[in-house]
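Colleague: I would like to learn how to read a few features of a model, beginning with the ligand site. Could you take me through them one at a time?

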Amino acid sequence: MSKLDLGVLISGRGSNLQAILDAIESGKLDARVRLVISNKKKAAGLERARDAGVPTSVIPHKDFAQREDFDRALVKELRDAGVAWVVLAGFMRILTPAFLDGFPHRVVNIHPALCPAFPGVDAQAQALAYGVRVTGCTVHLVDQGVDTGPILAQAAVAVRDDDTRESLAHRLLVYEHRLLVTVLQWIAEDRVSIEQPSEQGERPRVRVRGVVPVIGLAEEAVRAEPARRG
Ligand code: GRF
């Protein structure tokens, strides 16, 4: 089986990128990261890539008058590097068809909520503000919307009464790293297929052969202290 050739787009910290690099290093993920691109020069994730000996590139979106021109520049670099699948790992730009048509159904995003709940920025704070008891993270294919693409897999995480945005984000991140690496390995094993809709207006559906595409579940929620009597 040939290795999955990945390109990873980042804008910041890069802990999901690190999870990918670590999983490759330990043999859990049958992939190669061909290129890491950041739209921000100071993204900490760039250093993580360099430490792992992975080529990096900085393409500031501000250098382009049109979104499409920025997107086309990304596609060119990724293609030149031999990338087959693209991972958005904390990449804070919305991609246009100029990008998505370059990698049809081959762009994956990790979002820190159970889609379709809480799309966009600061999903953890949105979940706390709403008062949900279960949130989680979603790995999905990217379409033109914000966190709206076909869902590959989800992990559920209980929200605690004393959670802050930071504590919840921290707990979610552990599951994000697990889920992202797990899904990428399914792609490497050729378990993932996309069914195009037969009716207009229907969403494309993802099939994942041989696994249940859910991890985590809310086991934490039932592990509460017994209530004291009297
Ligand atoms: C993660 O919470 C991810 O779900 C969201 O952006 C954050 C990126 O974190 N899309 P990192 O840069 O991977 O540490």
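**Reading the ligand site and the backbone**

Modeller: In this predicted model, an N or O atom in the side chain of Glu176 lies 2.6 Å from an oxygen atom of the ligand, and the protein covers 85% of the 370 Å² of accessible area that the ligand has on its own.

Colleague: Which polar atom of Arg13 lies 2.5 Å from an oxygen atom of the ligand, side-chain or backbone?

Modeller: For Arg13 it is a polar side-chain atom, 2.5 Å from a ligand oxygen, whereas Gly14 places a polar backbone atom 2.8 Å from an oxygen atom of the ligand.

Colleague: Which residues are around the ligand, and how many of the shell are nonpolar, polar and charged by class?

Modeller: Around the ligand are Arg13, Gly14, Ser15, Asn16, Gly90, Ile110, Pro112 and Glu176, a shell that divides by class into 2 nonpolar, 4 polar and 2 charged residues; the space that the ligand takes is the largest pocket.

Colleague: How many salt bridges does a search of the whole structure find, and which residue forms one with Lys3?

Modeller: The search finds 11 salt bridges, and one of them joins Lys3 to Asp30, with the closest N and O atoms 3.2 Å apart. This pair links distant parts of the chain, 27 residues apart, since Lys3 belongs to the segment before strand 1 (4-10) and Asp30 to the loop between helix 1 (15-25) and strand 2 (31-38).

Colleague: Where is His105 found, and is its phi positive or negative?

Modeller: His105 is found in the loop between helix 4 (97-100) and strand 5, and its phi is positive, about 55 degrees, although His105 is not a glycine.

Methods. Residues numbered from 1 in each chain as written. Predicted model: local features only at pLDDT ≥ 70, side-chain atom pairs only at ≥ 80, totals over all residues. Heavy atoms only, no water. Near = heavy atom within 4 Å. Polar contact = N/O pair within 3.5 Å; in protein donor to acceptor, adjacent residues only side chain to side chain. Areas by Shrake-Rupley, 256 points an atom, 1.4 Å probe, with all protein chains shown as cover. 1 Å grid on protein atoms, 1.4 Å probe; cavity = no way out; pocket = protein on both sides within 12 Å on 5 of 7 lines; lining within 4 Å. Sits in = over half its atoms within 2 Å of the grid points. Nonpolar A, V, L, I, M, F, W, Y, C, P; charged D, E, K, R; others polar. Salt bridge = Lys/Arg side-chain N within 4 Å of Asp/Glu carboxyl O. Helix = DSSP H or I, 4+ residues; strand = E, 2+ residues; numbered from the N terminus.
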